[in-house]
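Student: Could we go through this model together, one question at a time? I would like to see how each answer is reached.

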Amino acid sequence: MKAQRPNPRTVRAAQLGLLAVFWVSVIGIISWIVRLIQLSLELHDIPSASIGISLVAIPVFLLLLGLANYVFLGLLWDDSHEAHPSTDDER
Amino acid sequence: MKSDETLGSDAHLLRSIEETGRGFYVAVGLLLLGVLWGVFAYGTQLTHGLGVTGLNQPVSWGFYVTNFVFFIGISHAGTLISAILRMAQAEWRRPITRMAEVITVMVLFIGAGNIILDLGRPDRALNVLLYGRYQSPLLWDATSISAYLTGSVFYLYLPLIPDIAILRDHSSKYRFLYTVLALGWTGSKRQIRILDRAIAIMAVVVIPVAISVHTVVSFVFSMTLQPGWHSTIFGPYFVVGAIFSGIAALIIFMLIFRRAYGLENYLKYIHFKYLGLLLLTMSFLWFYFTFAEYITAFYGNEPEEMKVFWAKFTGDQAIFFWTMVICNFVIPMTLIGIARLRTITGILVASISVCIGMWLERFIIIVPTLSHPRLPVETGSYLPSMVEWGLMVGCFSLFGLFYLLFTKFFPIISIWEIREGREVGFEEVVERVKSYLPNEEKTPISEGARG
Amino acid sequence: MARWGMVIDLDRCTGCAACGTACKAENNIPFVDPEESARDRTINWMDIIPAEEHGEHNGGGPMMPRPCLQCDNPPCIKVCPVYATYLTPEGIVAQNFGRCIGCRFCMAACPYTVKYFNWHDYRRKDGFHLYENPDVSTRPAGVVEKCTFCHHRLQLARERARVEKRPFRAQDYVPACAETCPAEAIEFGDLDDHNSRVSRLKRSPRARSLLQELGTKPKVVYLVREHQNEIG
């Protein structure tokens with residue numbers, strides 16, 4: 001059932017899909033943290049705790065997201081410019 | 001340089017993926033039984049409530065929270081070995097990093113899972129997301145562990161990419177999975193540079209995240225006003241304990257897979273010796289923190305603190321306390337400190353002893369304090385029930401199962417890093433040592449002498 | 001806005017535990033059977049505890065009532081991850097049974113051990129539930145509960161005042177324990193009213209707070225017996 005060489009388009013789609021999942025998770029976590037800051041402001045419940053933690057946590061997540069992009073797109077771009085001139089449309 | 005070159009002797013590392021022996025199926029079977037017991041136990045708990053445990057008033061935390069802290073503690077194995085040794089450019093880390101990183105990722109799920117197991121209303125667990133209060137240490141836990149889990153998965157994946165490329169090119173199984181995950185790795189200079197840079201950054205980032213994880217876990221206790229808990233030493237104490245138990249767990253896993261997959265040529269005595277010496281160092285460090293903690297309590301002689309103190313030293317918790325000290329300090333000091341006893345078996349026994357001792361340490365932190373409330377009411381007691389034992393066995397089994405399944409898909413020793421060590425490591429180390437020594441002077445006399 | 005507090009006079013208290021019994025009846029405290037009780041799971045929002053530590057009376061000494069101390073600086077609300085326990089503007093430490101996830105962090109944090117857990121579903125369906133107070137919800141398994149200063153009585157008193165088109169008076173609201181005590185040892189009222197009986201008693205030279213050194217600022221204050229210097 002598995003082809004000898006998997007369809008490059010499907011593979012590319014799955015790889016970008018992985019990156020998309022990573023994006024969704026990180027954006028989700030950051031939105032969650034922001035939502036909790038909102039909640040603590042509404043309820044006047046020590047907003048400094050939420051803001052303080054978000055100042056550390058959000059940059060860490062953004063850094064991870066940035067690195068993931070760097071690696072994924074960097075490796076995939078290099079691959080599509082490597083020795084597959086027959087299947088490479090972008091050259 | 002394409003990645004589909006001959007693997008040479010390293011092809012041995014792919015054997016665990018290509019072939020599956022009978023031992024594997026036996027192991028999986030046993031682990032599944034353990035998991036099944038855990039599932040059955042949890043079902044009982046969901047049906048009848050937390051009353052099926054041994055928890056009570058006032059000892060409302062027991063095995064589950066102990067396991068939570070213990071498993072999160074073990075997750076520091078990956079950080080220490082991979083990140084710190086990588087930054088220290090310690091060449092002996094190469095066959096170990098993959099195993100360490102896998103421990104971290106798998107154990108974080110189990111650790112966080114134990115909190116869910118402990119909840120009275122797990123169906124309301126989403127309330128933490130919807131209505132979370134950042135003043136509560138549990139929210140710090142949730143954020144910190146999410147960051148660490150994301151970071152660790154990423155940090156496990158990065159050095160795995162070249163190995164997956166090797167599998168993509170050499171293996172006949174799971175072609176689609178490997179092709180996708182290999183991200184088009186061809187081993188080109190540009191790709192290697194990208195990966196190296198990303199790994200270097202991650203190594204730096206993951207260390208403070210990891211330290212924050214176990215620090216905030218300790219804050220769950222130290223942010224309360226309870227005797228025995230409200231201590232400033234808890235943050236560093238827990239981190240040291242985590243690294244300590246993490247190394248021990250790592251040694252145990254290394255020895256299991258060394259035997260199971262015939263990796264004696266990759267995991268040599270020198271690796272165990274170095275890890276063992278690290279374990280010994282952490283053992284002394286652990287003892288130092290424990291000593292500082294208890295002598296402060298003893299010298300202050302505050303009545304509430306002393307109730308908890310004497311319960312641990314001579315009271316009904318004494319057996320656990322002193323077993324902990326023997327397991328965490330006496331045994332490792334003897335078996336690793338004394339060179340003649342520092343054999344592989346000795347190091348293994350010391351590691352098992354430390355795992356038991358560190359589990360007991362978590363238990364000893366939680367139960368005696370809860371048993372001795374400040375108000376003049378009866379001292380509490382705690383006897384875990386079969387449900388709690390079942391869930392603990394289930395957790396350990398699930399951890400083992402996850403780990404075993406990983407080794408069926410990916411090489412448990414980083415082929416890429418071993419190669420890097422052979423091809424690049426030697427020269428780098430020679431250059432480095434040269435740079436430590438005084439530069440060679442070029443005088444006419446010596447030049448003539450060299451002729 | 002009022003700030004509700006309580007003063008318990010230990011010189012008047014006879015240790016009869018009528019307050020505890022009234023509390024159980026008023027708040028539908030679950031009946032924990034003898035087996036579970038032997039495993040230390042009894043729920044006592046109003047608990048009667050020994051009034052002295054290591055008393056010479058060997059456990060037979062004077063007893064004192066211990067409701068939730070309703071702290072002004074509560075350690076329990078700080079650690080709740082989901083706002084299930086919080087301080088209302090009128091000073092009552094509220095407990096939201098519908099929000100609680102049963103993590104029991106507040107139980108671990110409370111230095112007075114006033115929080116209790118529903119280890120099983122203790123609700124009765126055998127006809128006994130017909131005797132329950134309809135104004136107080138019964139709690140499912142897996143949530144934390146504690147003394148609420150009979151908060152439902154406050155709500156009822158306010159509603160009654162509104163229906164009767166008159167202002168709400170502080171003396172319309174009294175928890176079951178204070179109402180029941182045959183020795184009139186429990187005084188309850190508005191601490192922000194400088195002239196209320198409870199405020200005056202709180203300023204008495206005999207007034208002590210339990211575990212005062214912790215800075216929890218409990219609004220339940222004890223009047224120690226003559227010749228007694230401290231409590232607990």
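Student: In which helix of chain B is the place of T296(B)?

Tutor: This is a predicted model, in which local features need pLDDT of at least 70, side-chain atom pairs count only at pLDDT 80 or more, and totals for chains, interfaces and linings use all residues. Residues are numbered from 1 along each chain as its sequence is written, while chains are lettered from A and ligands numbered from 1 in the order in which they are written. Helices here are DSSP runs of H or I with at least four residues, strands are runs of E with at least two, and both are numbered from the N terminus. T296(B) lies within residues 269-300 of chain B, and that helix is α11.

Student: Does T296(B) count as buried, exposed or partly exposed, and why?

Tutor: A residue is buried if 20 or more other C-beta atoms, placed from the backbone, lie within 10 Å of its own, exposed if 12 or fewer, and partly exposed in between. Because T296(B) has 13 C-beta neighbours inside 10 Å, its class is partly exposed.

Student: What separates the C-alpha atoms of T296(B) and S231(B)?

Tutor: Along the chain, T296(B) and S231(B) are 65 residues apart.

Student: At what angle do α11(B) and α13 of chain B pack?

Tutor: Axes are lines fitted to C-alpha atoms, for helices over the stretch in contact, and angles run from 0 to 180 degrees between N-to-C directions. The partner of α11(B) is the helix at residues 318-337, and the two axes are 9 Å apart. The packing angle is about 145°.

Student: How do the residues of the contact of α11(B) with α13(B) divide by class?

Tutor: Two residues are in contact if their C-beta atoms, placed from the backbone, lie within 7 Å. Those in this contact include W286(B) and F287(B) of α11(B), and F329(B) and M333(B) of α13(B). Ala, Val, Leu, Ile, Met, Phe, Trp, Tyr, Cys and Pro count as nonpolar, Asp, Glu, Lys and Arg as charged, and the others, Gly among them, as polar. The division is nine nonpolar, four polar and no charged.

Student: Which element supplies the largest share of the side of chain A that touches chain B?

Tutor: In this contact, 33 residues of chain A meet 32 residues of chain B. On chain A, α1 (8-42) and α2 (47-80) each supply at least two residues of that side. The largest share, 19 residues, comes from α2(A).
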